[in-house]
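Visitor: Could you take me through one part of this structure in close detail? I would like to know which pieces sit beside each other there.

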Amino acid sequence: MYHYIFFDLDGTLTDSKEGILNCLRYALEKLGEPVPPENILIKFIGPPLQDSFMRYCGFDTEKAIRGIELFRERYAPIGKFENAAAPGMAELCARLKEKGYVLALASSKLEEICVSICEKFGFAPSMETITGSPPVGDWEKTDVIRETMRRLGLSEADKPAVLMVGDRKFDVLGAKECGIDCVGVEFFGYAAPGELAEAGAVAVVRTAEELEQFILSH
């Protein structure tokens with residue numbers, strides 16, 4: 001039975017498309033780079049920003065890090081609130097906590113931004129810990145999951161009771177590398193068709209209600 005539920009943020013607890021795309025455009029314009037079409041920018045939602053800048057814009061590591069700095073320049077004061085809670089998820093988190101589940105956020109987004117978003121949209125009271133990337137760089141999902149487990153005092157023996165919830169293959173693969181299960185959510189359609197199942201998600205759900213049913217029955 002699952003007892004510890006780790007949630008991704010973008011695309012899972014919130015729909016962050018507007019803020020992320022606006023901040024990507026801001027960063028690329030500041031760098032004097034062409035802005036890709038929206039169907040490419042959407043692929044930035046979920047993975048660590050550094051990886052996406054290198055993959056989709058052809059940046060080297062140094063330029064990708066500069067891109068992250070410029071992205072955060074707008075995201076911290078403005079972009080993080082160009083966002084909306086996923087339907088039913090704040091209520092679901094509250095119910096799970098009431099039932100005795102231990103909930104945590106595990107996002108590669110900058111931790112201080114994760115905290116403010118969770119506070120604004122009502123997720124913070126349900127979370128035992130909110131884990132994100134440190135001030136410099138972006139952590140991979142494996143780093144975030146391991147740090148979340150460390151903060152909760154979880155060991156190898158606890159892994160069968162841990163479930164990651166995320167909307168992209170990076171969540172599934174990161175969880176798999178850490179030895180835990182991941183259920184995929186398709187709330188906003190940011191993953192390619194079949195992406196979550198192909199990556200090895202133990203289930204794929206489309207609503208908060210379906211997610212709740214899966215957690216309570218496993």
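Guide: Strand β1 (residues 4-7) runs parallel to strand β4 (residues 102-110), and the two pair over four bridges. Strands here are DSSP runs of E with at least two residues, helices are runs of H or I with at least four, and both are numbered from the N terminus; two strands pair if DSSP finds at least two bridges between them. Within that pairing, Ile 5 stands opposite Leu 103 of β4. Please keep in mind that this is a predicted model, where local features need pLDDT of at least 70 and side-chain atom pairs count only at pLDDT 80 or more, while totals for chains, interfaces and linings use all residues. Residues are numbered from 1 along each chain as its sequence is written, and side-chain values use heavy atoms, with hydrogens and water left out.

β1 also pairs with strand β6 (residues 162-166), again in the parallel sense and over four bridges. In this pairing Phe 6 is the residue opposite Met 164 of β6.

Now for the side chains of β1. Tyr 4 and Phe 6 point one way, Ile 5 and Phe 7 point the other way, and all of them are buried. Buried means under 20% relative accessible area, with exposed being over 50% and partly exposed in between, using a 1.4 Å probe and protein chains only.
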